Amino acid sequence: MSKVYLALQDNDMSHYIVQAVEEDNPEVTVIYQPAMIRMECEGKLVVNRATVEEKIGREWEIQELQLSLVTLGGNVEEEEDSLTLSWNQ
Amino acid sequence: MATTKTAKKLNLKEKYRLLTRDLDWDFSYEDKKEAFPHEEFEGIKITDWSKWEDPFRLTMDTYWKYQAEKEKKLYAIFDAFSQNNGQMNVSDPRYLNAIKLFLTAVTPLEYQAYQGYANVGRQFSGIGARIACQMQSIDELRHVQTQVHAMSHFNKYFNGFQDWSHMHDRVWYLSVPKSFFEDARSAGPFEFLLAISFSFEYVLTNLLFVPFMSGAAHNGDMATVTFGFSAQSDEARHMTLGLEIIKFLLEQHEDNLPIVQKWIDKWFWRGTRLLSIVGMMMDYMLPNKVMSWKEAWEVYFEDAGGALFDDLARYGIEKPKYSEMIEKEKEHISHQAWWIFYNFGHVAGFHTWIPSDEEMDWLSEKYPETFDKYYRPRWELAKKMEAEGKRFYSSGLPMLCQVCQVPMTFTEMDGDPGTFSYRTTVYNDERYHMCSNGCHDIFVDEPEKYVQAWLPVQQILQGNCGGPELEKILSEYYRFNVGVDNMDFKGSVDEQNWNKWKGTA
């Protein structure tokens, strides 16, 4: 199984997203590099709106992810309440 | 109390449908084929455009909202950077030479991408593809503007930033990126998407915008990392478009498979050659290192690209041809590229240098198979010659590959990596030269296209670039400030200024 990955700018907003991803994807590996944070996971990784909202303490739209995104790998499925990266193998 | 209920907010899918698909119309009195005349000649068969998926489901209103927010953040940082004399916080003034190369080689490609997507966005009869191309076109224009704004600050303090657009159209090594994009833009609309959205955006720009930008941060350059990551936040969307395009083409018709595979083979090779410049920027031009080119290549090309091609295997797509060659070259290419520039440092629009002892030790550690064996001895020799006052510049003009336009000084990967790699072919009684099997095969497949290449060295020799004295070509045709922009960093005006500002002169 290949890894999917999601890299975000190392900013305040991203820290809440990373916390949410860690909670919802216990097997995720988080790598801190200069100015960016890379999260990678075997096969699949999900960002859930509800978890991010709980971490950040306000309403948050999935598309706000656009503001912090650096790069990603995997097939993207964006829904109202989640964004999923996956490989179909 | 008001009893009217506010209308329920549209969900993403519904909004996307209304604001993209619903804007399309049918052709009742015009022939659709005449309206979209470029859609069929490449042989790609589209049976149902409505199957086109945009996974991000971005609509124009949301697009403007988020892009505006990105711009506000970005320009606040540019202001802070210049108000606080951010240029003084870079790790080492040599670093700026990577940024000069970025401005002259990469920023104009953003402009070409803007033009390219504006063009192909007109060529598709499917509304989803047209809207995605429209947004990407606007993104690319934003990237040009933000990059120029960011780097204009350095133009106040360092040499070589003054005439990037003029240089891009003329300078010998800048024909490598320029001709890459012109090759894509002069292809049909589907090949353009395969070349730029898929090969370039999905796999290759990651190598430029992610580890290199992380490196900019590591070298104290807040402005560059910020424009880099701001641009890259759009790239993530472009990459997703690239992946969707390839899936779409392969799901539409089985006849598309061999055409798509051929384009993948061609454009991964073209992109690999183009990125040799980025390889040397990472290994030699960033004073504080984040990761080696080889490591970046493994993460973004081999792992990320490998996962991608495993995913596409279900359509019958195979890994790009020449992948094995590419894997061997990662040990060599950055060293060979920087050696070319060191040899031709007198005709480059930025400064070159011999890596320091610590830098050479880092390269030995990162390239245990090749650096000490093949490349350290060259640098030790260069160092010795420099110490004796015999700094060596190549006085001839290099032969260029007819396809990638890189000087033909890359070497054989099967056999002795100390032997130059040359390939030739004859077309209409003329002999043409290529650097590799990849470039050779690309030429042979489309000779009519590549015989028209504008090769800087041939143009100089034909008298089309002014001169004939080298200095006149550099100063009048390229608009270099000769003796200021070029030559070694050591002893340069940039170095003298830096020492003066830092009080170490």
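I began with helix 2 of chain A and found that its buried residues pack against helix 1 (12-24), strand 4 (44-48) and strand 7 (82-86) of chain A. The model is a predicted one: local features need pLDDT of at least 70, side-chain atom pairs count only at pLDDT 80 or more, and totals for chains, interfaces and linings use all residues. Residues are numbered from 1 along each chain as its sequence is written, while chains are lettered from A and ligands numbered from 1 in the order in which they are written.

**Terms I used**

I called a residue buried if 20 or more other C-beta atoms lie within 10 Å of its own, exposed if 12 or fewer, and partly exposed in between, with C-beta atoms placed from the backbone. Helices (H or I, at least four residues) and strands (E, at least two) are DSSP runs numbered from the N terminus. I counted a contact where two C-beta atoms, placed from the backbone, lie within 7 Å.

**Helix 2, chain A**

I listed the buried residues of helix 2 (residues 49-56): Arg49(A), Thr51(A) and Val52(A). I then looked down the helix axis. The buried residues fall within an arc of 165 degrees (taken over the directions from the axis to the C-beta atoms), so they line one face of the helix. Just after the helix, I noted that Gly57(A) takes a positive phi of about 75 degrees.

**Strand 7, chain A**

I followed the side chains along strand 7 and saw them alternate. Leu83(A) and Leu85(A) point to one face and are buried.

Next I checked pairing, for which DSSP must find at least two bridges between two strands. Strand 4 and strand 7 of chain A run antiparallel, joined by five bridges. Lys44(A) has Ser86(A) as its bridge partner in strand 7. Strand 6 and strand 7 of chain A also run antiparallel, with four bridges. There, Glu78(A) stands opposite Leu83(A). A hairpin links strand 6 to strand 7 of chain A through three residues.

I stopped at Ser82(A), which is found in strand 7 of chain A. Ser82(A) counts as partly exposed because it has 16 C-beta neighbours inside 10 Å. Leaving out residues up to four places away in sequence, Ser82(A) touches Val46(A), Val47(A), Asn48(A), Arg49(A) and Ile62(A). I also took the C-alpha separation of Ser82(A) and Thr51(A): 9.7 Å, for residues 31 apart along the chain.

**Chain A overall**

I counted two helices and seven strands in chain A. From the N terminus, the order is β-α-β-β-β-α-β-β-β. The radius of gyration, taken over C-alpha atoms, is compared with a globule rule of 2.2 Å times the number of residues to the power 0.38. Chain A comes out at 12 Å, close to the 12 Å that the rule gives for 89 residues, so it is as compact as a globular protein of that length. Its C-alpha atoms fill a box of roughly 35 × 30 × 20 Å along the principal axes. Of the 89 residues, 44% count as buried.

**Where chain A meets chain B**

The contact takes 24 residues from chain A and 30 residues from chain B. On the chain A side, strand 1 (3-9), strand 5 (69-73) and strand 6 (75-78) each supply at least two residues. Strand 5 gives the largest share, five residues.

**Chain B**

I found 22 helices and two strands in chain B. Its radius of gyration is 24 Å, close to the 23 Å that the globule rule gives for 505 residues, so chain B is as compact as a globular protein of that length. Buried residues make up 48% of the 505.

I looked up the nonpolar cores last, each a set of buried Ala, Val, Leu, Ile, Met, Phe, Trp, Tyr and Cys residues joined through C-beta atoms within 7 Å. The largest has 157 residues, and those with the most contacts inside it are Leu194(B), Ala195(B), Ile277(B), Met281(B) and Cys401(B). Helix 8 (residues 189-209) of chain B supplies the largest share of this core, 14 residues. A second, separate core of seven residues includes Trp353(B), Ile354(B), Leu363(B) and Phe371(B).
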